[in-house]
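Here is a short briefing to read alongside the model. Please keep the 3D view open as you go through the points.

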Amino acid sequence: MSARDPNNVTGIGQMIIDQGGGFVGLCTGTLINPRTVIFAAHCVNEAPGADYGAATGGIPIGFGFENNLRANAPGETDELIRWLFGGADGTGQYETNTAQSFYNVNHVAYNPYSLEPDAQSFLYGDVALATLDTPAADVPTWALLFSPLPPTDVTADGTGYNVGIYGYGSVGTGETGQTGGSDFRRRAAENILGALTDLETFEGFLFGGAPNGLTQNLYFLDFDDPRRGFSGASVFDFNAFRDNARTAEDGTPTEGITAPGDSGGPLILQNFSKQLVIGVLSGGYSRFFNGQAPYSYGAVSFYQPLYLYWDWIAENNPYHYVGTKAGNGQWTDANHWVSTLDPAYMILSGGQPVNGIPTTPGEQIFGTEGDFGQICYQTTGLNDCYDTATGVETVTGDPIGTAGNNAGQGQVTAAGGFIDGIAPEAQADGTGTVLPSATLTNGLPGATGFVPDNSDPDNTAGTAARYFDVTLAAAGTTTLSGADITIDRLTIGIADAGLVIASGASLTTLMNTTQFAGLNQVDGTLTTIGDYSLMGGGLLGSGRINAPYLTSVTGQIAPGTTTTVGTLTVGGNLVLASGSQLFVNLGDSTSDLLSVVANGTSLGTADLGGSVVFSPASGYSVKAGDEYVFLTAEGGITGTFDNVANISAILTPTLTYGPASVTVAIEAGLYEDVVSGTSPVQQAYAQLLDNSRGAAGLSGLYGPLDMQSAATIQATLDSWAPRTETLRGSLATVAVDNMARFTRDRLQRLDEASMGGTLAYIGRPMQLAALTMTAAGAEGAAVRSDSAPMTVVQGKLPDDMSGFLAGGYLDGDSRAMATAVPAVGRDQFDGFYLAGGVERAVGDGSLVGFSLSYTDVKGNTAVAGQSAKGTLVQGTLYGKTRFAGGVELAAQASAGAFGSKTTRIADLVGTPYTLTGEDSSLVVSGEVSLAKMFDAGSMEVGPRAALRATHIGFSKYKETGGVPALVYDRDSVDSVQARAGLALSGKAGSKVQPYLNADYVHEFKDAPAAFGANFVGGLGPNAIFGLAGTDKDWAEVGAGLTLSTGNVDLSIGADTTIGRKDVSNQSYRGSVTFHF
């Protein structure tokens, strides 16, 4: 070969053996994994395999993978000389030099068949493997084809199998032949695979004579002169295998042949997108004629087919790809592991190469079948070819043509009997001799019963090396504890896979660590000689990672755990790409820390990008004003984070970048900017929260609430709406109005002429409780009262006095808080009352009375979780007089106290607080009315008018029960009402006395539309919360009937409001009066 390979490091290297005395042995080999080179046995089988390896005092052997093993320019390092003799300071002799891709070998294995005399060390069994003492992490590796190539129809262009050949051997051209020895440079050429056949068949056709017994199949090539058949062509090229010279598309010759020093080099099939090594060079025929230059046109080379030796290769390959079984397990549990299919092992399936192994052992020297290709002897007037597939010899007088490029891609069909997939359980299928059970020793996938931990060879004891490439690609977590493990490479491949390196344990990878997904928790030490590439998944822990570079592309890094604080140390340099995320837990005066420190030649720099996300550590609430250093880098910091996520809708982290550290300070935003502009309740609470930040005693409020999203904050504040304050006002109104109505009705029914020492019992609370009626124009249930019926007992009081005892039941509904969300339903309430009083006639046509009453009412807001109850205790002075002409003047005046208690549940991010408040309010009311009745036969009819005033003096009070508690500051309620209407009634003394009242009511005063409140202990002015308001106009109608039967009077009656919606109410009465 004359064309130098322009590519530097390709995975094809030159073997160097220091034979001593100034002599070196030279061959070519191919890297098939980071530790293993495949080459020819005859390069090393002059000595036992155990004799090799300078580290154990054996024969020094190494491989250089650059395309030139000598210095590329004056002054540069000559890696060959350095390995052979050491540098100027004596270092480097027989040592790996990764910078120049030169690797020392610590173990050699070759096929024992090559030692048979008939093999002559290279004719068969000529396959060897060398183990590198250091993984060649940055050197490309090659895949091996373990299937035989199927026979094809041979044409003038040959078999159709295009191949590439490489080597560091002797130099020359097709015309000159070999012109010099190896110059330690790699050269490359192309060819057409001539045949798969054996030496006995080849030599028998060409030379005749007795069979030589060399029946193992080999791959053959010949060196075709592109001028064959034309003037100037080499007379020594007789086209040993039927094909034409390989040329480029522009006609430039690309064909070459091998020479001394190329031994062990790869035969590379080029018919697929992935090039595959199908053989290793054993030897060839340098010439067939006297006068022919060695290795010129017409020369032949042959290669050992790898498919014949595939199981021997697997058995002697020291590099093991392994993974875990599904489920959690310990690294040191031998049953936790299983060997997987070597990705370099390929077979043909459906005409295409796939990762797999054959289902039967390799035949090695007994592989004699599957021949294809034609052996030829061609002259200008003779064409004699023997087809090795059919055994047919064809002799014609027509020479083979010379046209054609042969670079076309032939269709390779499957040979059958091979595994398509990588499932270990399927690899014993097939016909013929089956494979043995998988073990780590025989190198078959599916083996178990081992712990991945590198071990170097012991050549003295005959122990081979074991190196491990670990991929975690099964669901489950592998835990390394109490051990120090070394492997060549680590890959974490799926989201469900995880690795935990416990405190005190260590894992060292001699090449690199790559994480695509899953979790890696490092609480011990992870050392990777190459880089740690965090392509995805999560990295967490409180241990140390040593790597030249830890690069997070789209990974997530979280020192400590996802909920606790810890320090993760990176011994090396850190790169956080734009897609990375750093998660930092913040605790009480401490936080997660990502600490980057110098290590070896790595300065400990940090190049920042991506996102950083801050979260509270478990049990801690981040507060405004907290400050932490969360990233340090001894070698300095460059770049900034692209995105800093807010901790919540309120808390914002602000970063400060120093020369060697990054600090975060937590700042609080305004609740005003978070709440909805359409919710007055949210806006009111936002005012309180923004004004009271820093107030003593409210940290328990801000801590949880500050951490929430905008949606949660809005929902929480809406749920805190103090609906009870509206309900409390309604209860007070109901209680006061009910007793005023009771007194009004009492006055209307009193007659000074009929007092006669009576004692009236008014009310049937239990019976009335079952009564339900709905008033016209009312919303929902109405207020009901049993201020009658009456039982009268004679003779208990003086003749000019009467007395009564009363009790009743009331219920109803009222408007809910106007600004609360959700705005649904009405507040509901019910209760009872007790009253007692005495009246006395004062002259003719006049009377006065005094009563004491107790009202107890309670209710629930339209939204569950809030309630209120109240009690009204008051005294009332009342009376009336009739003037000449029948005009009647009545009046009542009351004074008392309304005691209230509110209860509401405020949920603070999952913590419910029961808040209660108590208040006592002064209640004063009065009413004056005029009426005039006219005779209408058996009835009386007349107008009546009244003026009523009420004052409810609500006072300032506060809730207790937790941090959301409020202090309420509510204005008094003042009411002035005018009433005008008609009254129709039967005349006194009639047996049937119907009555009908109808009044129009107008409210002159505007009730307070809102109240102020602040947090207990809060700062700043009150916030304003809305109330329900009061109706201005409505009507009241009452009607009844009295039947007089002598000593007993039976009465029924009812009254209702019409058009009143703030507090809708009705009453229903029945009475029985006994005369003694």
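The protein carries 51 positive and 104 negative side chains, where Lys and Arg count as positive, Asp and Glu count as negative, and His and the chain ends are not counted. The centres of these two sets lie 26 Å apart, with each charge placed at NZ of Lys, CZ of Arg, CG of Asp or CD of Glu.

**About the model**
- This is a predicted model, in which local features need pLDDT of at least 70, side-chain atom pairs count only at pLDDT 80 or more, and totals for chains, interfaces and linings use all residues.
- Residues are numbered from 1 along each chain as its sequence is written, and side-chain values use heavy atoms, leaving out hydrogens and water.

**Overall build**
- You will find eight helices and 67 strands; helices (H or I, at least four residues) and strands (E, at least two) are DSSP runs, numbered from the N terminus.
- The C-alpha atoms fill a box of roughly 165 × 65 × 50 Å along the principal axes.
- Of the 1076 residues, 53% are buried (under 20% relative accessible area, 1.4 Å probe, protein chains only).

**The open sheet**
- Nine strands line up as β18-β26-β29-β32-β35-β37-β39-β42-β45, with parallel pairing; two strands pair if DSSP finds at least two bridges between them.
- β18 (329-330) and β45 (643-644) each have a single partner strand, so one side of each is left without a neighbour in the sheet.
- Strand β26 (residues 476-480) pairs with β18 in the parallel sense over two bridges, and Thr479 in β26 stands opposite Gln330.

Notes
Buried < 20%, exposed > 50% of the residue type's maximum accessible area, 1.4 Å probe, protein only.
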